[in-house]
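Here is a briefing on one protein model. Look over the sequence and the coordinates first, then read the notes grouped by topic.

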Amino acid sequence: MKAFRYERAADPAAAVATLRAYPTARYLAGGTNLVDLMKLGVERPELLIDITGLPYGGVRPAPGGGLLIGATVTNSELAADPAVRLRYPLLAQALLSGASGQLRNAATVAGNLLQRTRCLYFQDTGKPCNKRAPGTGCPAREGVHRELAVLGASEHCVATHPSDMAVALAALDADVHVLGPDGPRTVPLDELHRLPGDHPDRDTELAHGDLITHIELPDVPEAANSAYRKVRDRASYSFALVSAAAALEVVDGAVRRVRLAFGGVAHKPWRARTAERRLLGGPATEQAYAAAVDAELAPAEPLRDNAFKLPLLRHVAVRTLAGLADAQGGTGRTGHGGADRTEEGP
């Protein structure tokens, strides 16, 4: 590991100004991904700025009726929050499926959003990787890519975003509050992460120095009937092969409201807007769910060893939506179908 300096941030503005002055400086909170990458030599910061003392803890009501989540709230704290479990069970389930208890106790909300891909080539500094060293190539396309992207990839990168939490937040239309050199601004979660395109080294739309301060969840009544389902290679802590975050309201056998996002399939959490449009106003049946998911996945370009993700994701999404419809009992009432299923497991 390269030697580095360490400072505690005195206040938010000072943290932003200090980081901005050092091109390779990084913010440090839980460090559960950053420190691993430093040990591997992927990240080589000259300065770490500890932000855990800044006033960004806690979960509280937001002005619009939703929730405001501080950037340094740990994953464990957020998953256990009573309002999250009751009103946004898909988020609690995503957090609990995302890591071991020890990691959840340390990992923060902002750090979870900004974690980097677990692609083997990105993590191995002895191999070429356009994300780590632009212009060197993407050996994953012809090499080991079973766990990598089938949607939105490019010839330059087929990495996937590893966060479970971010998939749930994408489905909820969360907003990310950011403090930058030019002051505060808000970035929709769906616009925070980037597809690789010609610049796979850029994970997000954030500029150097930008500091995430809060995540805001809107008031989403249908989110009370929601779920997150993840498929992975082993039941213990592992990243998603595919995952689906869904919220559903059914009235008189028809879909009144629906939210759907996928994980494990792209460089960013994949909001399934094509599928949502196909489902709205239509019958709440497994056939309709399957047709909508097929339409969403039509542009997919799987590689040699990961085409299995497409039928797997179709099955997971259909099963999740069908379970939410069953939890509602077909009465049109927005129930708490997902809230009582918040548990660790695949």
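Helix α13 has 20 residues and reaches 29 Å from its first C-alpha to its last, close to the 28 Å expected at 1.5 Å a residue. The expected span is 1.5 Å times one less than the number of residues. The model is predicted: local features need pLDDT of at least 70, side-chain atom pairs count only at pLDDT 80 or more, and totals for chains, interfaces and linings use all residues. Residues are numbered from 1 along each chain as its sequence is written, and side-chain values use heavy atoms, with hydrogens and water left out. Helices (H or I, at least four residues) and strands (E, at least two) are DSSP runs, numbered from the N terminus.

- The buried residues of α13 are Lys309, Leu313, Val316, Ala317, Val318, Thr320, Leu321, Ala322, Leu324, Ala325 and Gln328. Buried means under 20% relative accessible area, exposed means over 50%, and partly exposed lies in between (1.4 Å probe, protein chains only).
- Those buried α13 residues pack against β9, β10, β11, α11 and α12. Contact here means heavy atoms within 4.5 Å.
- Gly329 follows α13 and has a positive phi, near 75°.
- Helix α12 (residues 286–297) has 12 residues, which should span 16 Å at 1.5 Å a residue; its end C-alpha atoms are 16 Å apart, which agrees.
- In α12, the buried set is Ala288, Tyr289, Ala290, Ala292, Val293, Ala295, Glu296 and Leu297.
- The packing partners of the buried α12 residues are β10 (242–251), β11 (254–263), β12 (270–271), α11 (273–279) and α13 (309–328).
- Arg314 and Asp294 form a salt bridge, with the closest N and O atoms 2.7 Å apart. A salt bridge is a side-chain nitrogen of Lys or Arg within 4 Å of a carboxyl oxygen of Asp or Glu.
- Arg314 lies in helix α13 and Asp294 in helix α12, so the pair ties together parts that are 20 residues apart in sequence.
- Arg314 is partly exposed at 34% relative accessible area. Asp294 also counts as partly exposed, at 35%.

**The sheet β9-β10-β11-β12**

- An open sheet is formed by 4 strands in the order β9-β10-β11-β12, with antiparallel pairing. Two strands pair if DSSP finds at least two bridges between them.
- β9 (226–231) and β12 stand at the edges, each with a single partner strand, so one side of each has no neighbour in the sheet.
- β10 and β11 are joined by 9 bridges in the antiparallel sense.
- Leu248 stands opposite Val258 in β11.

**Salt bridges around Arg271**

- The whole structure holds 25 salt bridges.
- Arg271 meets Asp173 in a salt bridge, 2.6 Å from N to O.
- Arg271 lies in strand β12 and Asp173 in the loop between α9 (165–171) and β6 (175–180), so the pair ties together parts that are 98 residues apart in sequence.
- Arg271 is buried, with a relative accessible area of 8%. Asp173 is partly exposed, at 30%.
- Glu276 also forms a salt bridge with Arg271, the closest N and O atoms being 2.8 Å apart. Glu276 is buried, with a relative accessible area of 9%.
- A network of salt bridges links Asp173, Asp190, Glu222, Glu249, Arg256, Arg257, Arg259, Lys268, Arg271, Arg273 and Glu276.

- Strand β5 (residues 67–70) is covered on both faces. Leu67 and Ile69 are buried on one side, Leu68 and Gly70 on the other.
- In a regular strand, side chains alternate between the two faces of the sheet.
- Strand β4 (residues 59–61) runs antiparallel to β5, with 3 bridges joining them. Pro61 stands opposite Leu67 in β5.
- The hairpin of β4 and β5 has 5 residues between the strands, and Gly65 takes a positive phi there, near 100°.
- β5 also pairs with strand β8 (residues 211–217), antiparallel, over 4 bridges. Leu217 in β8 is the bridge partner of Leu67.

**A surface patch**

- Met1, Phe4 and Tyr6 form a nonpolar surface patch, with about 320 Å² of accessible area together.
- Patches are made of residues with over 30% relative accessible area and no salt bridge; like charges are joined within 9 Å, nonpolar side chains (Val, Leu, Ile, Met, Phe, Trp, Tyr) within 5 Å. Accessible areas come from the Shrake-Rupley method with a 1.4 Å probe; for residues, only the protein chains shown count as cover.
- Tyr6 is found in strand β1 (residues 5–8). Tyr6 is partly exposed, with a relative accessible area of 42%.
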